[in-house]
Amino acid sequence: MCVCEDQYLFLGSRLGNSLLLRFTEKELSDPMRNKSNVPAEQEPPTKRRKLDTLGDWIASNVDDIRDDDALEVYGHEDTSTVQLASYNFEVMDSLLNIGPCGDVAMGEPAFLSEEYDNSVDPCVELVTTSGHGKNGALSILQRSIKPQVLTTFDLPDVEDMWTLVGKADERRRREGGLQDHSFLILSRADSSLILRTEEEINELEESGFNTTSRTVFAGNVGNNRYIVQVTSGGVRLLEGTAQIQHVPVDVGSPLVAATLADPYLAVLANDGTLMIFTLVTARTLPPKLTTSKPINAGKYPLQTICAYCDVSGLFTTQYPQDREKDPKIFRSDADIKKELDDEDEMLYGNADISVFDPPKTFDPQASQEKNQNNWWKKWQKDVRPTYWLVGVRENGNLELYTLPDFRLSYAVRNFWVGHRVLSDSSLNAAAPQIPNALENVPVIHEVLLVGMGNRNLRPVLMARVDEDLLMYEVFPFYENLSPAQLKIRMRLIEHNLILREKRSSKNKKRMEEDGVQDRKMDRVSKFRPFSNISVYSGVFICGPYPHWIFMTVRGELRFHPMSVDGSVKCFAPFRNVNCQNGFLYFNRKDSLRICLLPTILSYDAPWPVRKVPLRCTPHFIVHHLETKTYCVVTSSSEPTLKIWKFNGDDKEEVLEERDDRFIQVQAPTFSIQLFSPVNWQMIPNTDYYLDPWEHVTCFKNVILAYEGDRSGLRGYLALGTTFCFGEDITCRGRILIFDVIDVVPEPGQPLTKNRLKMLYEGEQKGPVTALAHCRGLLVSAIGQKVYIWQLKNTDLVGIAFIDTQIYVHQLISIKSLILAADICKSVFLLRFQEENRTLSLVSRDQKPLQVYGIQYLVDNATLAFIASDADKNLVVFTYNPESHESSGGTRLIRKGDFHLGSHVNSFFRIRCRVGDVSSDRRAGQMIERRHITMMATLDGSVGYVLPVSEKTYRRFSMIYNLLVQHLPHIAGLNPKGCCTFQSRYKLNTNPSRAVLDAELIWSFLHLPAPEKVEIAKKIGAKVDDIIEDLMEIDRMTAHF
């Protein structure tokens, strides 16, 4: 809890969303009583008696005290009584929290356009339980964006496209409302296609647009009133479909790029010649484009350009008002002595002040006004827009020019290297030396400087260097700069995006043979800024692995992939009558899709998320595959004074008498509810309430033998409960088995087509603590035994059992193997032999471990076991009877461990992704038979553990060891030390490790190019090989 400014209160929460509240004081109606107005004879008798016993050594009236110290301690008597106040609270903002994730289920999205159904990988989403009590909720998570497709057209050979606002009525233009797009320009290799986009999309036969040559660029100027079309031979200015002006451009080379910052248009020829056009409008004269003379290339021609209109006020040579004119930091000896004196005073107090000095007068109002910080006032200032042109030259230098006079204001040498901070070297500062191995400057295909966030106040620079993405954020910097320099620097944004295309080994060899000859510029823009697509603004990145980049008013960059339709050739925002705030894109199969961004999800989060409030505590969630519904176990607590006691041989509920101040017991009531993923509402009449004091301890979707299905198996919902009556009464439990059946829906309620049907209900001799299924049979942990049951005609028949440890709380099965977790005695492995109906102990971990969750690690024919514990570790076990330390297979071997720093309650597995986003190729069998073990933590985070090959592990292990030494440690914490197994017990074994922290290895992507080469050389590998290994892991885990 933290008070912010004068009226705001921040409440941070682990169980719900964190809130920013505004509080206003509401005075009570009682008038203030002042003690000085009360006559002495009417003083309370207790007070007079207390004062009389003080004796003669102290004055009876505080006013008579002349000792200043005593007066400071006891205060004046004529102070008012304490005035109680009440407050009104108003929620201003909230920060999303999906934790604690107690249970996770995978399911199919309810709304997935049929165009995306042909994927070889399953399209799944995650649903997790979140919160507690009134903050209880379900969180629906999707990693990639799945657009809602309105319609699709097949248009071959299209290279690029633009949407344009046409000639709108003046009234709407003056109102400043959003205008619909009237035209769609499609550019082909040697022609252009102009489409009118109104009620229907039709080709425009006759217009002022140039359709006989390739369109380089098109956009709106003059506050969306006019249109400019740039072709390889000239520039056209149009109003609607009518051409106003045609400016042929002949500079000896065709135009290949153009960029627009209203009212300036900059065009670039293939030889690096630049021309700047300005739109001039006057009331009497028709609008026209005026041009300056062509700016020649110089020694190193310009490769790519981007115009930018700055409204943030950062691009300035002025110092802010609250800084000195000369901000160079110079500290004299007097300053250093004063600083040391201040430190001494802070530690030991001021030596010049005596405790016997008269107290200083304290005026809280004055100090409050003095300390008041009006930092927010700078955001209210109106900033005059300034216009800039970013250019990248052939030698890799980035330069920033003013528009329209093209004056150099900022320069960054060797921009492609990717330094962590970019500083100005326009005044001939020495450029950093680049090693000889990096003399070949990579091609910088595209650069974009765009304002993002609230009112476009956050300038972000993006560049495509070969196939990699560089991102920088502009920040103010004032120290050691000359008055003429721009007071900015740029810091690297670490984004973890690998946008390269996955190539086969044949393509790689051919590219290496082609070498330098293949270094051609890609002139089709891959960075597409957009505003107001379903209220979001940002940049869309086209290419083999398309991504959305959002920044909302909160100012946090969010990166979301869109892998559902493969690679994207080009993209454009689109708005018309039939598609409000949507977008268009071409996929690799030349299909134009008109789409909307689903608004049911919030994209201002690390993953797109939807939070469904339940107002009660969710404990378990299960997805029923046949009916595509979710079953949720929830509980709500109410205070009670009733307890259960023995009455002879039977027990009875007794109401205890307690006074009003007694804190009552919270008695939970558990219930089962069926939810539909269509609207995430509870399906009416499907809730089932359990008995009072009955706690649900386990809930699973079990596959049991069923004669009515062709496979002989059917999915059921199995529930295990425990009656908690107190320590005097023997603990019992129940097993309940439900089926979700289809019924005739009620009129007007289509979701009521599903109901819960109870197949079995039976009380057991002990608490039912865990459930699973094995070979079509039900496995249950009851008390200290594990039983196997067969469901026959709505009854459970015992098959086998085995005695176990203290308290088994999780069971996970694969084929005939059952992995069990004990709350104190670690994990053990059971095997069920169907032919002779025996359940036997195969192996167990002998060391103590307080297990929270368990799951399998699957890599082809290799099987391992992973467990999370109470000390926030992950431990990997293997079964290897041939090893000496396994004592003939009776002991599980600890093969790896990792300190995660979060409690993990829920694991689940999913097969590695086998389809490739950018092509139709499938992954090999090695990847197809490997599983990702996902986990959700009580801190609200989601992660995964992935088995890798020996070659990949050794390479990453060497990189990991080098990066530990190379990178500065966050908060001074050594990554290796933090990730080492930590235990509350004194174990006589060394940590196994063998688990690498992928977050640290991924930081290799953010290193400057020379440091990447240095680390790759130390391990004897190429930089591209390392990045391709990272890319392969990124692609095979790109589910949800």
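Reader: Are D1034 and R1035 buried or exposed?
Author: In this predicted model, D1034 and R1035 are partners in a salt bridge, with their closest N and O atoms 3.8 Å apart. The term buried applies under 20% relative accessible area. Both residues of the pair fall in that class: D1034 and R1035 are buried.

Reader: How many residues apart are R955 and D1029, which form a salt bridge?
Author: The closest N and O atoms of R955 and D1029 are 2.7 Å apart. R955 belongs to helix α8 (residues 950–966), whereas D1029 belongs to helix α12 (residues 1023–1036). The pair thus links distant parts of the chain, with a separation of 74 residues.

Reader: Why does R955 count as buried?
Author: A residue is classed as buried under 20% relative accessible area. R955 counts as buried because its relative accessibility is 17%.

Reader: Is D803 buried or exposed?
Author: D803 and K785 meet through their side chains in a salt bridge of 3.3 Å, N to O. D803 lies in strand β52 (residues 795–803) and K785 in strand β51 (residues 785–792). K785 counts as partly exposed, at 28% relative accessibility. A residue is exposed over 50%, and D803, with a relative accessible area of 52%, is therefore exposed.

Reader: With which residues is F415 in contact, leaving aside its neighbours within four places in sequence?
Author: F415 is among the residues with the most contacts inside the largest nonpolar core. Beyond its sequence neighbours, F415 is in contact with G396, L398, L422, I444, L461, A463, L470 and Y472.

Reader: What percentage of the residues in the protein chain is buried?
Author: The protein chain contains 12 helices and 63 strands, and its accessible surface comes to about 54,900 Å². Of its 1040 residues, the buried ones make up 46%.

Notes
Residues are numbered from 1 along each chain as its sequence is written. This is a predicted model: local features need pLDDT of at least 70, side-chain atom pairs count only at pLDDT 80 or more; totals for chains, interfaces and linings use all residues. Side-chain values use heavy atoms; hydrogens and water are left out. Helices (H or I, at least four residues) and strands (E, at least two) are DSSP runs, numbered from the N terminus. Buried means under 20% relative accessible area, exposed over 50%, partly exposed in between (1.4 Å probe, protein chains only). Accessible areas come from the Shrake-Rupley method with a 1.4 Å probe; for residues, only the protein chains shown count as cover. A nonpolar core is a set of buried Ala, Val, Leu, Ile, Met, Phe, Trp, Tyr and Cys residues joined through side-chain atoms within 4.5 Å. Contact means heavy atoms within 4.5 Å. A salt bridge is a side-chain nitrogen of Lys or Arg within 4 Å of a carboxyl oxygen of Asp or Glu.
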